[in-house]
Amino acid sequence: MTIKPAAPIVVGVDGSPESLRALHWATEEARLRRRPLRIVHAFLWPLLRVPLGPSPSGPATGGLQHAAEQILSTAADRAREGAAALDISTDMPVRAPAPALIEASRDAALVVVGNRGIGGFTGLLVGSVGVQVAAHAACPVVVVRDGAADRGSGAFAGQVVVGVDGSELSRLAVGFAFEQASRRGLGVVAVHAFQWPQPTQPGDMLPLVYDVDELRSEETRLLAETLAGWSEKYPDVPVQPRVVQGHPAAVLVRESAGAALTVVGARGRGGFTGLLLGSVSQAVLHHAPCPVAIVRAH
């Protein structure tokens with residue numbers, strides 16, 4: 001994954017509590033990586049041809065334009081409180097939120113968004129903006145949700161959980177997970193979920209008998225091969241390999257309870273190549289009770 005040295009950490013804000021959590025996460029990421037922080041607020045209203053200035057009978061500081069500028073300035077002030085030396089810039093593109101962040105991702109090291117924004121339906125775990133950005137961004141994306149309530153309840157509380165399936169994108173996800181863990185002084189829990197042989201197409205013949213222990217050994221070997229070299233590169237990061245029988249999505253969601261971050265590749269080895277997000281990454285994005293990183297080739 002090649003990232004330009006000056007590529008910023010981009011975060012989308014809209015004034016919602018969720019976007020402020022994303023801002024906090026992105027600020028810390030920019031500080032740890034020593035990268036610029038670019039705060040983006042999409043200003044959609046000019047496209048709808050509505051009045052942008054203050055009402056003739058209202059205060060001079062009213063109006064949609066001023067409100068949008070205030071969202072950006074408040075976000076920048078909050079970021080400086082947490083990292084005074086950070087190189088911070090703001091941007092207010094006249095676009096819908098998802099296209100604005102996808103465009104910003106072309107020159108970014110990482111895009112960070114909240115799991116839902118002001119316009120989201122409260123019943124959705126991840127809003128449409130988060131899903132669209134995760135699916136179409138040109139760089140890794142982190143979707144931040146408040147998992148603090150579960151932080152102490154999981155078996156791997158406070159660790160970086162990464163899903164491994166042997167695909168090239170899962171190898172990139174492993175690298176991303178180790179980098180995150182090293183920067184934040186955390187450990188990595190590498191989870192590989194497997195299922196007993198199942199038909200993939202009509203008419204598939206399955207073995208009447210198969211060696212359960214041999215199958216588990218093969219899956220354990222796959223995980224070990226994927227992790228090979230990373231412990232040497234990051235000797236400060238403790239690693240827990242986990243080979244678990246079960247559906248990958250369900251296993252990763254369960255194992256991520258209380259994690260500091262769960263990392264998955266955008267697509268795995270079992271997905272349709274035309275899909276921008278595979279079924280496992282979509283399930284983890286929607287249901288993992290912690291921030292989720294979706295990793296793709298940059």
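The structure is a predicted model, in which local features need pLDDT of at least 70, side-chain atom pairs count only at pLDDT 80 or more, and totals for chains, interfaces and linings use all residues. Residues are numbered from 1 along each chain as its sequence is written, and side-chain values use heavy atoms, with hydrogens and water left out. Helices (H or I, at least four residues) and strands (E, at least two) are DSSP runs, numbered from the N terminus.

**The sheet**

- Ten strands form an open sheet with mixed pairing, in the order β3-β2-β1-β4-β5-β10-β9-β6-β7-β8; two strands pair if DSSP finds at least two bridges between them.
- Because β3 (88–91) and β8 (239–245) each have a single partner strand, they stand at the edges, and one side of each has no neighbour in the sheet.
- On average, neighbouring strands of this sheet are turned by 20° against each other, direction ignored.
- β6 pairs with β7 (residues 188–194) in the parallel sense over 4 bridges, and Val 161 has Val 189 in β7 as its bridge partner.

**Helices on the sheet**

- Helix α1 (residues 17–33) packs on the sheet and touches β1 (9–12), β2 (37–40), β4 (110–114), β5 and β9 (261–265), where contact means heavy atoms within 4.5 Å.
- The direction of α1 makes about 155° with that of β4; axes are lines fitted to C-alpha atoms, for helices over the stretch in contact, and angles run from 0 to 180 degrees between N-to-C directions.
- Helix α3 (residues 97–104) also packs on the sheet, touching β1, β2 and β4, and its direction makes about 175° with that of β1.

- After α1 comes Arg 34, whose phi is positive, near 60°.
- α1 packs against helix α5 (residues 168–184) at an angle of about 85°, with the axes 11 Å apart.
- α1 is therefore roughly perpendicular to α5, a term for angles of 65 to 115 degrees.
- Trp 25, Glu 28, Glu 29, Leu 32 and Arg 33 of α1 make this contact with Phe 176, Gln 180, Arg 183 and Arg 184 of α5.

**The loop residue Gln 159**

- Gln 159 lies in the loop between β5 (141–144) and β6 (160–163).
- A polar atom of the Gln 159 side chain lies 2.9 Å from the backbone nitrogen of Gly 187.
- Not counting residues up to four places away in sequence, Gln 159 touches residues including Leu 186, Val 188 and Ala 259.

Note on methods: Polar contact = N/O pair within 3.5 Å; in protein donor to acceptor, adjacent residues only side chain to side chain. Parallel < 35°, antiparallel > 145°, perpendicular 65-115°, else oblique.
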